[in-house]
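Colleague: Please take a close look at the aromatic rings here. I would like one connected account.

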Amino acid sequence: MKIGIIGLGLMGGSFGRTLIRRGFTVYGYDVNTDAMLKAELMRAFTAPLTEENAKTVDLLVSAVKPSLFKDATEKFLPLLKSGAIISDFCGVKRETVKVMREWAKVYPELSFIGGHPMAGREFSGIEHSSVILFEKASMILVPVKADIFAVDRIKEFYLSVGFSKAVITDEDTHDKIIAYTSQLCHIVSNAFIKNKRAENRAGYSAGSFRDLTRVARMDPEMWAELIFLNRDNALLELDELMDNLNKYRAAIAEGDKDKLRALFAEGNERKIKIEQGKENDV
């Protein structure tokens with residue numbers, strides 16, 4: 001199987017390095033020449049993606065921001081062979097799926113399946129890529145225009161390169177859930193670190209502070225774009241969080257220890273119930 005990767009940052013670079021390590025032929029492309037040089041040195045691709053070798057790829061993955069997805073990817077579509085699968089690593093799916101649906105009308109011989117690997121780091125760029133980034137991670141797949149054989153083929157492929165599971169869903173469900181499991185977490189972490197006491201926390205913090213603030217470090221441009229594209233769902237999650245926080249605040253302000261204890265117990269039981277009998281998310 002030959003794979004083309006567009007965008008050799010953290011995600012695309014890690015994916016390329018993972019595939020090379022497992023013996024796949026990988027063709028890489030990035031508009032940034034510095035990223036290309038670093039990717040070559042870090043063995044993130046076998047050879048640069050060109051008009052000639054694009055004709056041979058079985059899977060073309062675009063690991064760029066949603067705003068760059070269309071322009072970065074569509075120039076390669078006329079070159080692809082019949083049956084090739086086009087996918088992406090974008091963190092929101094409604095935007096890219098809309099583009100894929102338009103492409104599917106023009107290129108009916110190609111398969112389009114959106115993708116979102118549930119993995120990442122608080123750093124960006126090929127220099128922070130890792131060959132173990134996707135190990136035991138979940139891969140979300142959003143079939144746009146593909147038969148059952150193409151979906152099964154890409155699912156088995158991702159499982160074969162280290163992902164622990166592949167979840168099949170639609171773009172609306174993806175964006176609703178990801179607003180809670182990812183985007184809200186980044187908003188909360190980024191807001192929490194702005195407390196003035198963060199500067200004087202040395203010696204007073206441990207795992208809870210570290211865990212809660214890890215993703216406060218982020219690519220501001222990318223996360224602003226992702227959340228803006230999913231702002232309807234992000235606002236719903238923010239509203240629900242603030243409603244819940246106000247319950248804790250009210251219990252504390254009113255001196256109601258029993259109410260505060262009940263709120264903590266409810267959250268504790270909810271956490272146990274959700275994780276009971278299930279593997280922890282990566």
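Is phenylalanine 134 buried or exposed?

Modeller: Phenylalanine 134 is buried, because its relative accessibility is 1%. Buried means under 20% relative accessible area, exposed over 50%, and partly exposed in between (1.4 Å probe, protein chains only). This is a predicted model: local features need pLDDT of at least 70, side-chain atom pairs count only at pLDDT 80 or more, and totals for chains, interfaces and linings use all residues. Residues are numbered from 1 along each chain as its sequence is written, and side-chain values use heavy atoms, with hydrogens and water left out.

Now the rings. The whole structure holds 14 aromatic pairs. Rings of Phe, Tyr and Trp (its six-membered ring) pair if their centres lie within 6.5 Å; planes under 30 degrees apart count as stacked, over 60 as edge-to-face and the rest as tilted. Phenylalanine 134 and phenylalanine 163 are stacked, at 5.3 Å centre to centre and 25° between the planes. This pair links distant parts of the chain, 29 residues apart. Phenylalanine 134 sits in the loop between β6 (111-118) and β7 (138-145), and phenylalanine 163 in the loop between α5 (148-160) and β8 (165-168). Helices (H or I, at least four residues) and strands (E, at least two) are DSSP runs, numbered from the N terminus. Phenylalanine 163 is buried too, with a relative accessible area of 3%.

Phenylalanine 192 and phenylalanine 209 form a tilted pair: 6.2 Å centre to centre, 55° between the planes. Phenylalanine 192 is partly exposed at 38%, whereas phenylalanine 209 is buried at 17%.

Ring pairs also build a cluster, whose members include Phe15, Phe134 and Phe163.
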